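Here are my notes on the model, as numbered points. Please read them with the structure open.

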Amino acid sequence: MKQTSRQRWNDAASQLSPGSAQHHTLALKYVLRRLMEKRRARVLDLGAAIGPNVSFVGRYAPKLYIADLYNTIRSRAGGLPKDHKQLERLLAKELPSAELGPFDLILAWDLMNYLSGEQMVSLGRHLARLCRQDSLVFALITNSKEMPGQPIRFRIVDTDTLSYTIDSSLERPSPLFKEPDLKRWLPDFKVETSFLLRNGFQEYVLLHP
Amino acid sequence: MWKKKEYEPIATQPTAPSPPVSRPQPRSEAVAMIGPSVSIRGEVSGQENLRILGRIEGKVSLRGQDVTVGKSGKVQADIHAKGIRVEGEVVGDLYGEQEIIIEASGQVTGNLVAPRVILENGSRFKGSIDMESAAQQTHAKPVQQKPGTATGPGARTAPPGADRQPKAPATSQPPGDPLSRS
């Protein structure tokens, strides 16, 4: 019987933490350590508002912006628009304006898996405008062939652990982005480090040089 | 015999009358309510806790008091209060002197400024969270009373024609606080 990505996730998670939907993270601690070096750090969370994340990140950065980008754009346009100009307009509207930045850390979670190369270029350009030198982006790129139909909601348990909630029962093929793809589509960023996890995700820390 | 003694008044030492002492007024625990069928355009202020089940468009300023936006409440206004709890929908900036809680049923689009912010699981929020500038907000001047402003116990609505101006631009932000406004 074919195993769904949700089952694979649960299996992978259960290897790390039996009975719970959690997995180990290496990049989170990495970026938080860097965040601690900043004074009055600012964090942009592209994901949905998750209470424990706000409490957790609030310990490192007193100011954070929750963009809930995927849900907001989907509710306005019915999905991530393929039309370049429409996407540009939506990104300009839904991301915080440059005066609200620069942000020291951007939590992209697994959003990039749901973008095409062109969409990634647009997002990267907007994000770069919100960064300062040495700002970091935390992104999760899946190495599985299939992924949930919409971004996973990640909850920070502690600096080493993320738990996740999959809202969609649908699945879709994953784009299987590799590091060269990220370099090509995000020219304003460079890969500072990455970690391959047992659940099929590769955690990337991107640096805005 | 023992019963009689039980009812005897207790002898007390005569004491000199104590001078009048100014006691702090206990904070009002009364909760005013804006019912589900009530719609207000204007500024709401007062000295009581407030529960909003109807619609408000304008400004809510109840410094030192608690404001709850109930499940049926729809608020399009900035809210200033000691504690703010959202179970319904708010579009506007929330300034909590102590804390802001967005319950699971709550939806907020705006900016949150408070020393403590709690987003319950299932709540929807988009905007910035500033847990640093709250002290500035707490020590901000009380809101000046304006003509046509609903205020005080029992008075809750602005008179007809006192429609609120469009939402103020970023100039109402505390200085040096650009993130708290999207």
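1. Helix H2 of chain A (residues 27–36) has a buried set made up of A:Ala27, A:Leu28, A:Val31, A:Leu32, A:Arg34 and A:Leu35. Buried means under 20% relative accessible area, exposed over 50%, and partly exposed in between, with a 1.4 Å probe and protein chains only. Viewed down the axis of H2(A), these buried residues fall within an arc of 160°, so they line one face of the helix. That arc is taken from the directions from the helix axis to the C-beta atoms. A:Arg33 and A:Met36, on the other side of H2(A), are exposed.

2. A word on the basis. This is a predicted model, where local features need pLDDT of at least 70, side-chain atom pairs count only at pLDDT 80 or more, and totals for chains, interfaces and linings use all residues. Residues are numbered from 1 along each chain as its sequence is written, chains are lettered from A and ligands numbered from 1 in the order in which they are written, and side-chain values use heavy atoms, with hydrogens and water left out.

3. Chain A as a whole. Its secondary structure comes to seven helices and eleven strands. Helices (H or I, at least four residues) and strands (E, at least two) are DSSP runs, numbered from the N terminus. Of the 209 residues in chain A, 58% are buried. Among contacts in chain A with a separation of 6 or more, 71% come from residues 24 or more positions apart. Contact means heavy atoms within 4.5 Å.

4. A:Glu192 lies in strand S10 (residues 190–196) of chain A and A:Arg34 in helix H2, so the pair ties together parts that are 158 residues apart in sequence. A:Glu192 is partly exposed, at a relative accessible area of 25%. A salt bridge here is a side-chain nitrogen of Lys or Arg within 4 Å of a carboxyl oxygen of Asp or Glu. The structure holds 15 of them over all chains.

5. A second pair in chain A is A:Glu94 with A:Arg76, again a salt bridge, with the closest N and O atoms 2.3 Å apart. It links distant parts of the chain: A:Glu94 sits in helix H5 (residues 84–94) and A:Arg76 in helix H4 (residues 69–77), 18 residues apart. A:Glu94 is buried, with a relative accessible area of 3%. A:Arg76 and A:Glu94 also join B:Lys126 in a network of salt bridges.

6. Chain B has a pair of its own. B:Glu87 and B:Arg51 form a salt bridge, the closest N and O atoms being 3.4 Å apart. B:Glu87 counts as buried at 16% relative accessibility. B:Arg51 counts as partly exposed at 29%.

7. Now the interface. In all, 21 residues of chain A are in contact with 20 residues of chain B. The two chains bury about 1700 Å² between them, 55% of it on carbon and sulfur atoms. Buried area is the accessible area (1.4 Å probe) that two parts lose on being put together, summed over both. Three salt bridges run between chain A and chain B. B:Asp130 forms a salt bridge with A:Lys63, with the closest N and O atoms 3.7 Å apart. On the side of chain A that touches chain B, the elements giving two or more residues are helix H3 (51–58), strand S3 (63–66) and H4.
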